[in-house]
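Here's a quick briefing to read with the model open on your screen.

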Amino acid sequence: MDTLIQYAPLLAKGTFVTVMLAVTSLILATVLGSLAAAGKLGGGRIAKAIVFLYTSIVRGVPDLVLILLIYFGGQRLVNTIGKQFGMDYIELNQFFAGVLAIGFIYGAYLTETFRGAYLTVPPGQGEAAKALGMRPFGIFWAVNFPQVIRFALPGYANVWQVLVKSTAVVSVIGLGDLVGLAGDAGKSVREPFTFYFAVFCVYLCITAISQFLFDRAERRYSRGFSDAR
Amino acid sequence: MRVDLVLANWELFLGGVWMTVQLTGLALLIGFCIAIPFGIIRANKVPVWSQLINAYVYAFRGTPLLVQLFLIYFGLAQFDFVRESWAWVFLRDAWWCALIAFALNSGAYATEIIRGAVATTPKGEIEGARALGLSRWQVYALVLLPSALRRALPQYGNEVVFMLHGSAVASIITIQDILGAGRTLNARYYVAYEGFLTAALLYMAITFLLVMIFRQLERRYLRHLALR
């Protein structure tokens with residue numbers, strides 16, 4: 001316990017890196033997921049094929065494999081291209097590789113969440129807005145979008161919870177996140193259980209807090225509906 | 001892309017596939033055996049037991065599998081009483097640690113799936129069974145469980161794929177699973193991605209096979225729920 005207090009600043013730093021990694025990845029995943037959902041809903045044949053390929057590949061491969069592939073394969077790719085231009089050896093940033101991999105993976109899961117939410121909005125509402133003379137963007141912004149948020153929130157919350165847990169594997173490529181830093185500290189003071197248990201508890205706290213916040217958000221966006229409290 | 005290296009080392013990957021399938025399969029089996037009683041206890045809200053199981057499920061679903069694995073593999077060695085006990089033979093071995101971590105993890109997820117399926121069983125099914133004079137055990141064995149397990153199939157299929165993908169972390173603690181084989185190939189020939197790419201394709205192939213199997217099972221066992 002004393003050693004934990006001694007290493008508290010380090011653990012706090014690791015927690016910060018983990019949370020930053022998760023949030024940045026979620027932003028990338030949201031962008032990718034929205035684009036892919038739009039492609040699947042309104043795109044042409046080629047856009048649909050690309051989205052299908054994207055979601056199928058991601059769902060078939062473990063997150064750890066994709067992270068290693070993006071980090072080491074990306075390193076090789078960047079340096080092969082760099083060599084052509086006479087550049088020195090480039091070290092890929094672990095945080096960046098982690099965000100790229102996790103954002104890419106969970107963007108595929110969010111695609112289905114967003115698409116499903118969009119399709120849940122009754123088409124009659126959009127037609128009514130059109131009959132009132134609203135422009136397509138106005139219809140999306142004022143009629144569809146607020147409801148998409150409401151319908152997508154439960155799925156979005158689920159993806160976030162899985163995503164947070166997924167960030168742990170980024171420590172494998174040497175990122176100084178919570179798992180990485182606590183692992184090193186635990187090894188050097190010969191108390192690995194104490195430190196990994198601390199990591200265990202921090203993750204539990206993150207998921208519990210997220211659950212609380214998402215529950216509140218869901219209630220907020222469901223105001224005006226019969227089962228809202 | 002050095003395909004020749006992969007082909008020359010096909011035995012390495014075959015061993016990896018076997019290791020992954022074996023670890024995942026055993027973990028799922030043990031997890032399922034944990035989940036049946038735990039799920040029923042949770043659905044019936046048995047006092048004390050239900051809360052204890054809930055704590056287990058909450059803890060294992062709320063934390064990364066990697067941390068659970070490290071806690072068992074690296075963590076337990078911290079305690080002298082563990083290293084002096086009979087269990088140390090297993091707990092110092094990476095394979096047993098991975099199996100324990102995966103089984104406990106899968107057990108937690110499966111408990112929640114089975115709890116949900118049992119709790120949402122239509123009341124009429126149980127009332128009907130009671131009216132026929134079946135005992136409590138008979139209701140479970142003949143009516144409730146067969147019905148609940150069928151309805152749990154789609155979610156359990158997801159859990160199986162989730163476990164398969166999660167099992168890749170075993171390679172971090174030196175186990176030669178599919179990803180472990182890929183890492184070995186990369187290290188042996190000093191290549192950057194050939195081993196990982198092969199591993200990715202193998203995982204993808206197994207995933208699609210599993211998805212197909214579960215789709216067939218659903219078609220067979222959920223036929224009565226399909227839209228006509």
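**Where the chains meet**

The contact between the two chains draws 30 residues from chain A and 29 residues from chain B. Keep in mind that this is a predicted model.

**The chain A side of the contact**

- Four elements of chain A each put two or more residues on the side that touches chain B: helix 3 (45–60), helix 4 (63–84), helix 8 (178–188) and helix 9 (192–221).
- Sorted by class, the side of chain A that touches chain B comes out at 20 nonpolar, 5 polar and 5 charged residues.

**Chain A as a whole**

- Chain A has 9 helices and 0 strands, so its run of elements from the N terminus reads α-α-α-α-α-α-α-α-α.
- The C-alpha trace of chain A spans about 70 × 55 × 25 Å along its principal axes.
- Of the 229 residues in chain A, 38% are buried.
- Take the contacts in chain A between residues at least 6 apart in sequence: 75% of them join residues at least 24 apart.

**A helix pair in chain A**

- Helix 2 (residues 8–42) of chain A and helix 5 (residues 94–120) of chain A have axes that come within 5 Å and cross at roughly 45°.
- The crossing of helix 2 of chain A past helix 5 of chain A is right-handed.
- Where helix 2 of chain A touches helix 5 of chain A, the residues split into 15 nonpolar, 10 polar and 2 charged.

**A helix pair in chain B**

- In chain B, helix 7 (residues 94–119) and helix 9 (residues 136–166) pack at an angle of about 140°, and their axes are 9 Å apart.
- The cut-off for roughly antiparallel is over 145 degrees, so helix 7 of chain B and helix 9 of chain B are oblique to each other.
- Helix 7 of chain B and helix 9 of chain B make a right-handed crossing.
- Residues in this contact include Phe102(B), Tyr109(B) and Ile113(B) from helix 7 of chain B, and Leu144(B), Arg151(B) and Glu159(B) from helix 9 of chain B.
- By class, the contact of helix 7 of chain B with helix 9 of chain B has 13 nonpolar, 2 polar and 2 charged residues.

**What UniProt says, and how the model looks there**

- For chain A, an unreviewed UniProt entry places "transmembrane region" at residues 16–38, 50–72, 92–111, 159–181 and 193–214.
- Residues 16–38 of chain A are 100% helix and 0% strand, with end C-alpha atoms 33 Å apart.
- Residues 159–181 of chain A are 52% helix and 0% strand, and the end C-alpha atoms lie 25 Å apart.
- For chain B, an unreviewed UniProt entry places "domain: ABC transmembrane type-1" at residues 17–214; over that span the chain is 80% helix and 0% strand, with its end C-alpha atoms 20 Å apart.
- UniProt (unreviewed entry) also lists "transmembrane region" in chain B at residues 12–41, 53–74, 86–105, 160–179 and 191–214.
- Residues 160–179 of chain B are 45% helix and 0% strand, with the end C-alpha atoms 18 Å apart.
- Residues 191–214 of chain B are 88% helix and 0% strand, and the end C-alpha atoms there are 36 Å apart.

Technical notes
Residues numbered from 1 in each chain as written. Chains lettered and ligands numbered in written order. Predicted model: local features only at pLDDT ≥ 70, side-chain atom pairs only at ≥ 80, totals over all residues. Axes fitted to C-alpha atoms, helices over the stretch in contact; angles between N-to-C directions. Left-handed = near helix turned anticlockwise from the far one by under 90°. Nonpolar A, V, L, I, M, F, W, Y, C, P; charged D, E, K, R; others polar. Buried ≥ 20, exposed ≤ 12 C-beta atoms within 10 Å, placed from the backbone. Contact = placed C-beta atoms within 7 Å. UniProt positions renumbered as here; feature names shortened; annotations may be inferred. Parallel < 35°, antiparallel > 145°, perpendicular 65-115°, else oblique.
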